[in-house]
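Subject: Structure handover

Dear colleague,

Here is the structure for you to look over. My notes follow below it.

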Amino acid sequence: SPLAAPDISKCGTLPLSGFKPGEDTPTGGDCCPPDSSQILDFEFPKNQTFKVRPAAHLLSPKYIEKFNLAIKRMKELPADDPRNFLQQAHIHCAYCNGAYTQSSSGFPDIEIQIHNSWLFFPFHRWYLYFYERIMGSLIDDPTFALPFWNWDTPAGMTIPKYFNNESSALFDPKRNQSHLQAVIDLGYNGADADTTDVEKVTNNLAIMYRQMVTNATDPTSFFGGEYRAGNEPISGGGSVEQSPHTPVHRWVGDTREPNGEDLGNFYSAGRDTLFYCHHSNVDRMWSLWKMLGGKHKDITDEDWLNTSFVFYDEKKNLVRVYVKDCLFTNQLGYDYQRVDVPWLKSKP
Ligand code: C2O
């Protein structure tokens, strides 16, 4: 049967997993959201304003300003407001470091883990969907859409400059200091490759082709392994989750920190604003993959389609969502800016 959304009132009963304890690491229920007496079932908003998520390296100064303001306002909210910046970051910790159990599915001793399986794409799509709505509402701009870090095109293969501006709300001091202006390595495994920038770009495009085309010929290879109620986590991540998704996390994470904080560890990843742009591009890969046609289709297994999660929306309502309602970004009211996709021509 499908994995049911966690009972958030039971958050934090299992020990958190996945990090070496340090000063800044959460303990027990630190990454649990405020409780809610009611849960609303998700409905597609009526008359929603359609949004186009733009490439992060192509933003106008005005758009950067809006992005910055939205994050600044999230950071200024009271600490216990579920829309608060840190609360939103904690969502990732709760769903990924074992703060939630499968108790609502009848398995209180088994944790929920939305990585390394077919839940990876839909979970993050929903996470960003609510994040974006919260941002838009805090700046009173329903057209605001989450930029995507276009690391799959040469001009997008560095951290967009404005993330390095120390006075910006988008800044995060916990990033690898030697990567702030470097060309990314989409195959990064913890050590800097001894290659030129030109070689890095070529390698990156080849990795993109391999992970999106060669290694993702059917739904299982693209989305990852089955994960149903009662399953222990980790059945196997899909092609893009394994790479470039995880290498990008590790490449940005700060090597001075005990667990690669922020982006290099599940519990802290959401504390870096780059996380949301990184995942916006990961989400875009889902859309692009389906556009390749043929066997590039969503999973049809009922357990996948009926898996549910809960998130707080921009009105601070706790909302239950199902995987089956997030398959088409158009239905959710957004699409991605159309940009060149150079790796499609990078067949090795
Ligand atoms: Cu939930 Cu990029 O990890």
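Start with N116, which sits in the loop between β4 and α3. Helices here are DSSP runs of H or I with at least four residues, strands are runs of E with at least two, and both are numbered from the N terminus. N116 is not a glycine, yet its phi is positive, about 60°. Its relative accessibility is 24%, so N116 counts as partly exposed. For that scale, buried is under 20% relative accessible area, exposed is over 50%, and partly exposed is in between, with a 1.4 Å probe and protein chains only.

Before the rest, the ground rules. This is a predicted model, in which local features need pLDDT of at least 70 and side-chain atom pairs count only at pLDDT 80 or more, while totals for chains, interfaces and linings use all residues. Residues are numbered from 1 along each chain as its sequence is written, and side-chain values use heavy atoms, with hydrogens and water left out.

Most residues other than glycine have a negative phi, and most peptide bonds are trans. D140 is another exception, with a positive phi near 55°. D140 lies in the loop between α3 and α4 (197-214). At 70% relative accessibility, D140 counts as exposed. Two cis peptide bonds deserve a look. One runs from S243 to P244, with omega near 10°; P244 is in helix α6 (residues 239-252). Another runs from E261 to D262, with omega near -5°. D262 belongs to the loop between α6 and α7 (266-269).

Disulfides

A disulfide is taken as a pair of cysteine sulfur atoms within 2.5 Å. The whole structure has 2. C11 pairs with C32, the sulfur atoms being 2.0 Å apart. The S-S torsion of C11 and C32 is about -85°, so this disulfide is left-handed. Both C11 and C32 are buried. C31 is joined to C93, S to S 2.5 Å. Here the torsion is about -55°, so the C31 and C93 disulfide is left-handed. C31 lies in the segment before β1 and C93 in helix α2, so the bond ties together parts 62 residues apart in sequence. Counting bonded cysteines along the chain, the pattern is 1-3, 2-4. C96 is in no disulfide; the nearest cysteine sulfur, that of C93, is 7.8 Å away. C96 is buried, at 1% relative accessible area.

Helix α1 (residues 61-76) has 16 residues and should span 22 Å at 1.5 Å a residue; its end C-alpha atoms are 22 Å apart, which agrees. That expected span is 1.5 Å times one less than the number of residues. The buried residues of α1 are Y63, I64, F67, N68, A70, I71 and M74. They cover an arc of only 160° around the axis, which puts them on the same side of α1; the arc is taken from the directions from the helix axis to the C-beta atoms. P61, K62 and E76 are exposed on the other side. The buried residues pack against α2 (85-96), α3 and α8 (274-291), with contact meaning heavy atoms within 4.5 Å.

F67 also belongs to the largest nonpolar core, of 104 residues, and is among the members that touch the most others. Such a core is a set of buried Ala, Val, Leu, Ile, Met, Phe, Trp, Tyr and Cys residues joined through side-chain atoms within 4.5 Å. Helix α3 (residues 120-138) gives the largest share, 12 residues.

Best regards
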